[in-house]
Amino acid sequence: MEREPGPEGARRALGRWLEAVLASRGQANAVFDILAVLQSEDQEEIQEAVRTCSRLFGALLERGELFVGQLPSEEMVMAGSRGAMRKYQVWMRHRYHSCCNRLGELLAHPSFQVKEQALSTLMKFVQLEGTHPLEKPKWEGNYLFPRKLFKVVLGGLLSPEEDHSLLLSQFREYLEYDDIRYHTMQAAAGALARVADRHPEVSLTFWNNAFTLLSAVSLPRQERNLSNFYAPRSRPSDKWKVTHLREHRKAFQAMWLSFLKHKLPLSLYKKVLVIVHDAILPHLAQPTLLIDFLSSAYDLGGAISLLALNGLFVLIHKHNLEYPDFYRKLYGLLDPSVFHVKYRARFFHLADLFLSSSHLPAYLVAAFAKRLARLALTAPPEALLMVLPFICNLLRRHPACRVLVHRPQGPELDADPYDPAEEDPAKSRALESCLWELQALQRHYHPEVSKAASVINQVLSVPEVSIAPLLELTAYELFEQDLKKGPRPVPLEFIPAQGLLGRRDDLCAQHFTLS
């Protein structure tokens, strides 16, 4: 059938072809014309063709005019002696597959409008296939889901060439449905395994797309049966795995493990560690399976180790993980850069939790207090206002460490016995030293730092000082606080002058007067 040129001509022609195919099976060949427009290079024509395909195959699915069961080859059926209706259904089902494959290709189209429309049409077909399955149930009550079609959707979203973060944000709304979430996890695990097998070096774009998809999956925290289905065919049954949260946890675990077993780019490593404690570990069927991943990340040092602390904290406190050298490595993370990294607040919050136990040996707590005090000598003011109360809290929790600020019957020290180069806190001799650094900081140029360092001059109060409001204090905020205080009188003389030119000058003035 001929059509007028241009998008408007395509729209009118598509409308005629759609009506013809739906009205009479004798006009079924018009489907080829519709699919031809779907191959167009004009964006508006493609969008009109996608809308037409959505209406056409949506109607055919609802009317049951597509072949149901294991799809035979088109040539074999057409050459056979089966009835005309069966031949039509098989033939139309092949056209439907061609349409779905083309829609999967359009997920990589340059126009976001085309990609978004292709995604919504594919998901409409997923819903209709769930309600009107194209495969026969193996037994009565068998759960059916269009897995093959859904793999086309996931395969398009996990593109190795194009960043699909915006399209994945559109797909996120479907993850609220329990069946879509479950099959997304299964399909993603399979896609991750296939791409790694086929391509020795996987592109960063693919890993970013995969992380965006995986991090969008969130499971319910409360144990309950799941029945919010996107593609419902009948009332959900307890015999279906998709209705049980424990099965979702298994699929969630398999998905993340298939992702984390690969050698990830460093930037992605950090993104995973940022969310692992809150968005991954609580939903795993066996959280201890991430011990090796988190331990190896903690051993890398630098910012990676700081980020791995969150996950290790969960495993140590909730899953009884034993990590013999944990405090030694935590001690090793304390260097001048710790006050300047992006994750400073997170690190000190966790360090505060790890050092809160009253069962820690005094030498260990003393080593941390001494290392922090030494680093404080070169730290910026906004970090000092947090680390000084941190040190004082350590002394409050562990009275045995107060000898660092008050040693009643000890000899005077000619030199500091503390060894800052020693990696083992047990051998650093911190408990033999003192916190002279805090006394030095009492002469700091910033009055708030000087005030915070002067706390050790009095008896330390029993209640600890909360460092939570100080963890994310920035230099800008500190500057703004100083501005809000307004002008203050500034002393101009260190020793007040007596008389106009001092006492000696006054005496000289008297002498000249008398003479």
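Buried residues are those under 20% relative accessible area, exposed ones are over 50%, and partly exposed ones fall in between (1.4 Å probe, protein chains only). The model examined here is predicted, so local features need pLDDT of at least 70 and side-chain atom pairs count only at pLDDT 80 or more, while totals for chains, interfaces and linings use all residues. Residues are numbered from 1 along each chain as its sequence is written, and side-chain values use heavy atoms, with hydrogens and water left out.

A salt bridge is taken as a side-chain nitrogen of Lys or Arg within 4 Å of a carboxyl oxygen of Asp or Glu. This rule gives 18 salt bridges, and three of them are worth a walk through the structure.

One pair sits within a single helix (helices are DSSP runs of H or I, at least four residues, numbered from the N terminus). D178 pairs with R181, with 2.6 Å between the closest N and O atoms. Both belong to helix α9 (residues 178–198), 3 residues apart, about one turn of the helix. D178 is buried at 2% relative accessible area, and R181 is buried too, at 4%.

Another bridge joins D299 to K329, their closest N and O atoms lying 2.5 Å apart. Because D299 lies in helix α13 (residues 291–299) and K329 in helix α15 (residues 326–332), the pair ties together parts 30 residues apart in sequence. Partly exposed are both D299, at 45%, and K329, at 30%.

R374 and E437 also form a salt bridge, at 3.0 Å between the closest N and O atoms. Here helix α17 (residues 362–376), holding R374, is linked to helix α19 (residues 436–441), holding E437, and the two residues are 63 residues apart. Salt bridges with shared partners join K370, R374, D416 and E437 into one network.
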